[in-house]
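Subject: Structure handover

Hello,

Here is the structure we spoke about. Please look it over before reading the notes below it.

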Amino acid sequence: MDLLDWHRDRLSARRLTVLIRQLPHDSALNRELHGEAADWSVTDHLLAAAVDHLAAANWMFASVNSEEGDQPEPPAPVPRPSYERPETGDEETPGEETEETAAPDDRAPSTVQLARFFG
């Protein structure tokens, strides 16, 4: 598909919008817009959450079964991608959705919703 067809009036704006919204999550456009967050799928977020919860459970077990002065350090969470706004560099507040992070339809969660759920 040639994107110049949009300028030549052979491709409607609606069709172009549909094509852009249906790009895969690991496409170059999504990587440019969302950075490292575009590489993280729902499965990756679930796996990171499972690892964090397992590490916390193991830490709690070790804390309960160790001597008072020999407490283990709490585990560090799995690093997640940052959700910085490209134009300002400010990090988004969990729960705050922008036009770029809002889900394109009602079925798919946005990146901010996933970060809030698994954070």
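This is a predicted model: local features need pLDDT of at least 70, side-chain atom pairs count only at pLDDT 80 or more; totals for chains, interfaces and linings use all residues.

Residues are numbered from 1 along each chain as its sequence is written, and side-chain values use heavy atoms, with hydrogens and water left out.

Salt bridges

A search of the whole structure gives four salt bridges (a side-chain nitrogen of Lys or Arg within 4 Å of a carboxyl oxygen of Asp or Glu). One of them pairs D52 with R80 at 2.6 Å, N to O. This pair links distant parts of the chain, 28 residues apart: D52 is in helix α4 and R80 is in the loop between α4 and α5 (111-118). Helices are DSSP runs of H or I with at least four residues, strands are runs of E with at least two, and both are numbered from the N terminus. D52 counts as buried at 18% relative accessibility, and R80 as partly exposed at 25%. Here buried means under 20% relative accessible area, exposed over 50%, and partly exposed in between (1.4 Å probe, protein chains only).

Salt bridges that share partners also join D2, D5, R8 and R10 into one network. Within it, R8 meets D2 at 3.1 Å, N to O, and D5 at 3.2 Å between the closest N and O atoms. D5 lies in helix α1 and is buried, with a relative accessible area of 18%. D5 also touches R10 and L11, residues up to four places away in sequence not being counted (contact means heavy atoms within 4.5 Å).

Surface patches

I20, L23, L29 and L33 form a nonpolar surface patch with about 310 Å² of accessible area together. Patches take residues with over 30% relative accessible area and no salt bridge, joining like charges within 9 Å and nonpolar side chains (Val, Leu, Ile, Met, Phe, Trp, Tyr) within 5 Å. Areas come from the Shrake-Rupley method with a 1.4 Å probe, and for residues only the protein chains shown count as cover. L29 is in helix α3 and is partly exposed at 36%.

Single residues

D9 has a positive phi, near 60°. Most residues other than glycine have a negative phi. D9 sits in the loop between α1 (4-7) and α2 and is exposed, at 71%.

H45, in helix α4 (residues 42-64), is buried at 2%.

Regards
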